[in-house]
Amino acid sequence: MSHPAAPPVSLTRHLLEAQRAGQVSADLRLLIEVVARACKQISIAVGKGALGGVLGDAGTGNVQGEAQKKLDVLSNEILLEANAWGGHLAGLASEEMDHSQPIPDVYPRGNYLLLFDPLDGSSNIDVNVSVGTIFSVLRCPDGVTEPRDEHFLQPGTAQVAAGYCVYGPSTMLVLTIGHGTHAFTLDREVGSFMLTRRDIRIPEETREFAVNMSNQRFWEPPMQRYVADLLAGAEGPRGKDFNMRWVASMVADVHRILTRGGIFSYPLDAKCAAKGGRLRLMYEANPMALLVEQAGGAASTGRQRLLEVPPTQLHQRVPVFLGSRREVEAAVRYHLEHDAAQPQPQVA
Ligand code: AHG
Ligand code: MN
Ligand code: MN
C-alpha cells in the first residue's frame, strides 16, 4: 500500500512548531527568519558573480588586518540592515567590524545579541567555489540596554541558536536552536528554505580529514604526530587509510562533515600562535561547535571543549578540531599525551 508523501516543511513552519513545543521564543524565531532572509539576499548576490559586479577586492581592510572582498562588505551591510529594525536584537557584532554595535536608538531593542561572519571562505569568491555565512545568537545580559563588546563575551555553551548558510550548487541553511541540527534547502522559485534533513547525525568514525597541509612544518609536535599517523594509513598505528579534503571555506568543509563525517582542523601553528589560532572563536568556532555537538559530533581546541573556552576578546582566535566524535577524541589524545610528557616546571 502506498502512503501519501509527507508535506514539505518550510523553515517558517519548522520554527513555528518549535515555538509551540516551547523550544524557541517568538522573538528568537523572528530573529532567525530575518537572518535567513538576509542569507537569501547574499545568496542572490553571490549567484550573480561577475554579472553583478560583486567580485574582487573592496580596497579596504578589516580589524583583523585582512583585505576585504567586495562581497565581505556587501554581505556585512545586508546583515546589518536586515537586523536593525526588527525589535528582537539589542546589538550585533561582525568579523568585519572593529567593535560591536548596539541597535540604533530609532528602533526598539530586544533581548538577543547576534554575531556573524558575513562571508566565510572569501578567498574562494573569485574562483566560484562555495562560500557561506556563519551566525551565533546569545542572550543580552539582564539589565543591559546598550550592549558593548564585553557583553558578547559569553562561552559557546550560552548560545541559544547557531547556524550557517552555504552558497554552493544549492543554497542551504543549517540550524540549531539546541534541539538537534537540521538542514534546509532554498527553493529558489518559491523563495523559501525547505527542511531537507531533519536531525543530522555525524558518523562517529571516519576515514576523512580536512586540514591545510601546507602549514605542516609550522604545527606543534602533537599535531605533526597525529597527521603523520593518519598519512601512514593501514600500515601505521591507526590501522586504516585516510582520505583528505580541504575546500578552504570552513562552511563548506563543515557542511561535508555534517553530511558524511570527517574531522576538520585548523590547529595552532607557528604563524598564528601569537594570535591564538587562525579561526575566530565567537563567530566561526562556537557556532560550528554547537551545530556539530547537536549532531552527535565533538568540537575541541585539542585540549579543551570548544564551547567552554572563556572568551576574552570579540575577535579572539582559537585552534579548532571538530567532526566525527571518535576522531576528534583521537586528535585530543595526541595533544594531551604530548603535554603530559613535558617536564613539569620546577617550583623553587
Ligand atoms: P574568512 O574568509 O571569513 O576570513 O575565513 C576563512 C577561513 C576559513 O573559512 C577557512 O577554513 C580558512 O580560513 C582557510 O584558511 P587557509 O587560507 O589556510 O586555507
Ligand atoms: Mn570565516
Ligand atoms: Mn569572513
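Predicted model: local features only at pLDDT ≥ 70, side-chain atom pairs only at ≥ 80, totals over all residues.
Q: Where do Glu95 and Leu119 sit?
A: Glu95 is in the loop between β3 (89-94) and β4 (101-102), while Leu119 belongs to strand β5 (residues 112-120), so the pair ties together parts that are 24 residues apart in sequence.

Q: Are those two buried or exposed?
A: Glu95 and Leu119 are both buried.

Q: And what does Asp117 do with the manganese ion (ligand 2)?
A: Asp117 coordinates that ion as well as the manganese ion (ligand 3). The two ions are 3.7 Å apart.

Q: Then what about Cys39, which cysteine sulfur is closest to its own?
A: That would be the sulfur of Cys165, at 4.3 Å, which is too far for a bond. The cut-off for a disulfide is 2.5 Å between the sulfur atoms.

Q: Are these cysteines buried or exposed?
A: Cys39 counts as buried because its relative accessibility is 0%. Cys165 is also at 0% and counts as buried.

Q: OK, on to charges. How many salt bridges turn up in the whole structure?
A: A search finds 25.

Q: Nice, let's pick a few. What does Glu150 pair with?
A: Its side chain meets that of Arg148 in a salt bridge, at 3.1 Å from N to O. Glu150 is partly exposed, at 47% relative accessibility, and Arg148 is partly exposed too, at 46%.

Q: Which residue does Glu205 bridge to?
A: Arg326, with the closest N and O atoms 3.3 Å apart. This pair links distant parts of the chain: Glu205 is in the loop between β10 (192-197) and β11 (208-210), Arg326 is in helix α8 (residues 325-340), and they are 121 residues apart.

Q: How accessible are Glu205 and Arg326?
A: Glu205 has a relative accessible area of 48%, so it is partly exposed. Arg326 is partly exposed as well, with 39%.

Q: Which residues are in the salt-bridge network with them?
A: Glu204, Lys240, Arg325 and Glu329 are linked with Glu205 and Arg326 in that network.

Q: One more bridge: what's the story with Arg305?
A: Arg305 forms a salt bridge with Glu293, with the closest N and O atoms 2.8 Å apart. Arg305 lies in the loop between β15 (298-300) and β16 (317-318), and Glu293 lies in helix α7 (residues 281-294), so the bridge ties together parts that are twelve residues apart in sequence. Arg305 is partly exposed at 33% relative accessible area, and Glu293 is partly exposed at 24%.

Q: Since α7 came up, how do α6 and α7 cross?
A: The axes of helix α6 (residues 250-260) and α7 come within 11 Å and cross at roughly 10°. Angles under 35 degrees count as roughly parallel, so α6 is roughly parallel to α7.

Q: Which residues meet between those helices?
A: From α6 there are Met250, Val251, Val254 and Leu258. They meet Glu284, Ala285, Met288, Leu291 and Val292 in α7.

Methods. Residues numbered from 1 in each chain as written. Chains lettered and ligands numbered in written order. Heavy atoms only, no water. Donors = N, O, S within 2.8 Å, 3.2 Å for Na, K, Ca; no water. Helix = DSSP H or I, 4+ residues; strand = E, 2+ residues; numbered from the N terminus. Buried < 20%, exposed > 50% of the residue type's maximum accessible area, 1.4 Å probe, protein only. Salt bridge = Lys/Arg side-chain N within 4 Å of Asp/Glu carboxyl O. Axes fitted to C-alpha atoms, helices over the stretch in contact; angles between N-to-C directions. Parallel < 35°, antiparallel > 145°, perpendicular 65-115°, else oblique. Contact = heavy atoms within 4.5 Å.
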